Amino acid sequence: MSQNPDQPPLSGDLPQIARLREEAGRCVACGLCVPHCPTYRKTLNEADSPRGRIFLMAALLEQRLPLSPEILHHLDLCLTCRACENACPSKVRYGLLADGMRDWIEPQRQRPAGQARLRHMLFDTLRHPRRTRAAGWLLRTYQKSGLQGFARKTGMLAAVGVERAEAQLPALQKIRTLHGMHVASGTARGTVGLFLGCVAQLTDAATLDATIFMLNRLGYRVTVPRAQTCCGALHQHNGDIGTAQLLAQENQQAFNVSGLLAILHAASGCGASLAEQVPPLPAPLFDISAFLVRAEGWEGIQLSPLWQTIAVHEPCSSRNVLHDQDAAYLLLQRIPGVSLMPLAGNDQCCGAAGSYALSQPEMADLLLRDKIEAIKASGAQIIATSNPGCAMHLAAGLRAEGMAIEVLHPVHLVARQMGYENA
Ligand code: SF4
Ligand code: SF4
């Protein structure tokens, strides 16, 4: 992880346990983080709060408590949303602590064989972009061929334990290979690199395509290096920091292209991981909305008006880690006629949180319910969010309620008003 100048220095040379103990030791148990924690707010159990979890982590590291299923439950229930970090006067790096603890615990825990196999298959697929695209092709074929309807009717999905994961998937678009150079139109303003992400390539390919469309229209050449890979966030948060570090090195090399103005991401979850990776990326990293807000080339660009209300969902990765949540509003304000509002409860996680919606379905659904109620109360016709994981989770909740509300990335929406879908 890179060093935040507001936080105490990292003791990089200490062994893993000593570093974790040192981080946990920064907590003075003041409790200021407790009311900000989404899981504590649901259970009102101190063991489901940041302070309670840090106490448990310290007790495990100091061998004052054994690694019991109860303790694992409280630690696993953490979303790693990092709302607690923003509230902490002692600057405890809760994210670093939680990831480090999972990495330390994972080799010690006994997972059921089926669960261990599924996890291995998922994380191994994601670290190989070709396998991820092949999995996307298979899933799209499944959705298009009629097999989906058959599998849903026969209960086959529940029998193999993938019913929930399958229901979360949106209708997948045709996978296009975006690798290579995308040439700008008009005045040349420089070259930017585009990070694709692994899951986002499958579930929100339109946003990546719209991103290239917009950048090219504004005069930016876009390079999409073929050697780029997954950001490693899922590995980092699921007890495999070693693989996350390997992926960070691969991305660092893939984007080592001379003359890049910036490296852009269109998924805040990936962005948070890339921003903290070691080694750092070789050019400044920006969320695509944040870059477009500052970009040149807007003169002469016409956006068609949109007389609708858009509620902006702020992903935790954007709000609590990257602190760039304002960019989505600033970009969307370019659309004439639009009425913008923050979605109520943006300080609380939606429950998507990487693979959390699959691993902790009850808590994920409780948090999702709050978002669905907030969307209903907002009267919005469109929900905008910069993280495809949140988008998928919110859209699945809206589908289940029979609510025909679009969930879109801000860039997709702005590009659409620039004529993207007619391009
Ligand atoms: S990361 Fe989020 S869920 Fe976990 S302890 Fe902090 S506030 Fe609570
Ligand atoms: S705010 Fe910081 S120091 Fe206070 S209890 Fe929470 S983690 Fe500990």
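In the predicted model, helix α3 (50-61) gives the most to the shell around ligand 2, with three residues; helices here are DSSP runs of H or I of at least four residues, strands are runs of E of at least two, and both are numbered from the N terminus. Both α3 and α5 (83-87) supply at least two residues each to this shell. Of the 15 residues around ligand 2, those that come nearest are C27, C30, C33, R51 and C88, a residue being near a molecule if its C-beta atom, placed from the backbone, lies within 6 Å of it. Residues are numbered from 1 along each chain as its sequence is written, while chains are lettered from A and ligands numbered from 1 in the order in which they are written. As the model is predicted, local features need pLDDT of at least 70 and side-chain atom pairs count only at pLDDT 80 or more, whereas totals for chains, interfaces and linings use all residues.

The domain assignment of the protein chain gives domain 1 (16-108) and domain 2 (309-422), with bounds that come from an automatic or database assignment. Their C-alpha centres lie 28 Å apart. Twelve residues of domain 1 are in contact with twelve residues of domain 2, contact meaning that the C-beta atoms of two residues, placed from the backbone, lie within 7 Å. On the side of domain 1 that touches domain 2, the elements giving two or more residues are α2 (38-43) and α5.

The largest nonpolar core holds 111 residues, of which L97, M214, L264, L332 and V414 touch the most other members. Such a core is a set of buried Ala, Val, Leu, Ile, Met, Phe, Trp, Tyr and Cys residues joined through C-beta atoms within 7 Å. A residue is buried if 20 or more other C-beta atoms lie within 10 Å of its own, exposed if 12 or fewer, and partly exposed in between, with C-beta atoms placed from the backbone. Helix α13 (residues 205-218) provides the largest share of this core, seven residues. Because domain 1 and domain 2 both give residues to the core, it lies between them. Leaving aside residues up to four places away in sequence, V414 touches M214, L303, L331, L332, R334 and I335. In helix α16 (residues 268-275), eight of the eight residues are buried, including C270 and L274.

Strand β8 (residues 382-385) pairs in the parallel sense with β6 (residues 309-313) over four bridges, pairing requiring that DSSP finds at least two bridges between two strands. In this pair, H313 stands opposite T385.
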